[in-house]
Amino acid sequence: MKRRIGFMAALALLFAGIAQAQFIGNGGPQQALGRTQAVEYLFPEQVSVPAGKPTRVLLHFRVAPGLHINSHTPREEFLIPTVFSIPEGKGVRLEAASYPAGTDIALPVDPKTRLNVYTGEFVIEARIVAEPGNHLVEAKLRFQACDQRECMPPKTIPVAIDVAGK
Amino acid sequence: MKRNTVVLGAVLLILAIFAWAGWANWEYRQQAAEKLLANQAKGELVPDTAGGPARYVSPLAGKPAPDFTLEDVKGRKVALSSFKGKAVLLNFWATWCGPCKLETPWLVELRNKYAGQGFEVVGISTEGEDLKPGDKVGWAKDREAVTKFAADMKVPYPMLLGGDSLSQPYGGLDAMPTSFFVNKNGVVVAAQMGLTSEAEIEANIKKALGE
């Protein structure tokens, strides 16, 4: 009987410790609002293309709500365009990239200036040529994002695509 | 009896593993919380309790503005400490930043209005390009773009290059424009991130002047 009580007490202590460990952290410092990821690569993660032959691949991206990024052809010279690229020597070559047209907007703070931007989801068409075999390509997307009042520094995000040249 | 012992031992072992996992999780959360606290040295946007737009809260508020020395567009070295005894508006901006260009005429006007009271604006170009010191072509382009902008906007105050090097001491510089208002004792009395209004900038200038 004493053994059983001792055993149950030990179990109760163990469970108490486990339960407490799960809840610790809620009393820690609250995270203030910070910067969201401005652009996210959605898909495809894997593509299969004929080796050595230029093939069209559609790459889907999404701009975070409330933000916009300059299109590939912004209206002002000083604005940083959105550009997709693939590093050389990785078994996959980017022959050409076609970008969507972008939407013309004017911000309430500056109604006279028209910006050509991407918002929400957009698609870049990439014509790639892959050598035979599997290649994990770390392509890149460079962009510069703003909301209605402020702008974030230009950023380059990785675009990881598994390319099988068959 | 022997079987019961084995079962009991197995149960205790599994519980011990759970306990260890819980302890490891707690340790991880403690470390994450400490790391978050350390990162609180960065400026953050916090929700406005009155329901207005998020406010920029700088970790530098009430503290001495970190000193620095940068080059202006003519290659002359300019130190923050050289403005000692003046109220200063440190304006971090970028050539690709539309809101920055919108507020510049206000800064020019306010600088001219309050210069006689010991006030100066210092524009600091912060391109986010991570230019290496030896990148002569990159720096030359940067200098050319800033010089052109300053000429177009008739900027009467110093325009410095290389603001990215001040990101850590000035709380991260996550977005442009970001401004710090420094009083005559070198203490940061206000900070702004994003385009606000000429009236709000003027109010902070008066705060820096001690009015």
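My entries follow, grouped by topic.

**Ground rules**

I am working with a predicted model, where local features need pLDDT of at least 70, side-chain atom pairs count only at pLDDT 80 or more, and totals for chains, interfaces and linings use all residues. Residues are numbered from 1 along each chain as its sequence is written, while chains are lettered from A and ligands numbered from 1 in the order in which they are written.

**Entry 1: the sheet in chain B**

I looked up the strand order first. Chain B has an open sheet of 5 strands, ordered β7-β6-β5-β8-β9, with mixed pairing. The edges are β7 and β9 (188-193) of chain B; each has a single partner strand, so one side of each lacks a neighbour in the sheet. For my own reference, helices (H or I, at least four residues) and strands (E, at least two) are DSSP runs, numbered from the N terminus. Two strands pair if DSSP finds at least two bridges between them.

Next I went through the pairs. Strand β5 (residues 87-93) of chain B runs parallel to β6(B), joined by 7 bridges. Within that pair, V88(B) sits opposite E120(B). On to β7 (residues 159-160) of chain B: β6(B) pairs with this strand in the parallel sense over 2 bridges, and I124(B) has L160(B) as its bridge partner. The antiparallel pair I noted is β8 (residues 178-182) with β9(B), over 5 bridges. There, F181(B) stands opposite A190(B).

α2(B) packs on the sheet and touches β5 and β6 of chain B, its direction making about 155° with that of β6(B). Contact here means C-beta atoms, placed from the backbone, within 7 Å. The axes are lines fitted to C-alpha atoms, for helices over the stretch in contact, and angles run from 0 to 180 degrees between N-to-C directions.

I also checked the handedness. β5(B), helix α2 (residues 98-114) and β6(B) form a right-handed β-α-β unit; that is, with the strands pointing away from the viewer, the path from the first strand over the helix to the second runs clockwise.

**Entry 2: what is buried**

Why is strand β6 of chain B largely enclosed by the rest of the structure? Because 6 of the 7 residues in β6 (residues 119-125) are buried. My cut-offs: buried is 20 or more other C-beta atoms within 10 Å of the residue's own, exposed is 12 or fewer, partly exposed is in between, and C-beta atoms are placed from the backbone.

Then the largest nonpolar core: it has 75 residues, and L90(B), F181(B) and V182(B) touch the most other members. β5(B) gives the most to this core, with 6 residues. Such a core is a set of buried Ala, Val, Leu, Ile, Met, Phe, Trp, Tyr and Cys residues joined through C-beta atoms within 7 Å.

I found a cis peptide bond from M176(B) to P177(B), omega near -5°. P177(B) is in the loop between β7 and β8 of chain B. L173(B) is found in the loop between β7 and β8 of chain B as well, and has a positive phi, near 45°, despite not being glycine. With 23 C-beta neighbours inside 10 Å, L173(B) is buried.

K154(B), another non-glycine, has a phi near 55°. Is K154(B) buried or exposed? K154(B) is exposed, with 9 other C-beta atoms within 10 Å. The loop that holds K154(B) runs between α3 (136-152) and β7 of chain B.

**Entry 3: over to chain A**

Chain A has an open sheet of 4 strands in the order β1-β3-β9-β6, with antiparallel pairing. β1 (39-43) and β6 (92-98) of chain A are the edges. Neighbouring strands of this sheet are turned by 40° against each other on average, direction ignored. β6(A) is joined to β9 (residues 121-130) of chain A by 6 bridges, and L94(A) has I128(A) as its bridge partner.

Chain A has a cis peptide bond on my list too: F43(A) to P44(A), omega about 5°. P44(A) lies in the loop between β1 and β2 (46-49) of chain A.

Note on methods:
Contact = placed C-beta atoms within 7 Å.
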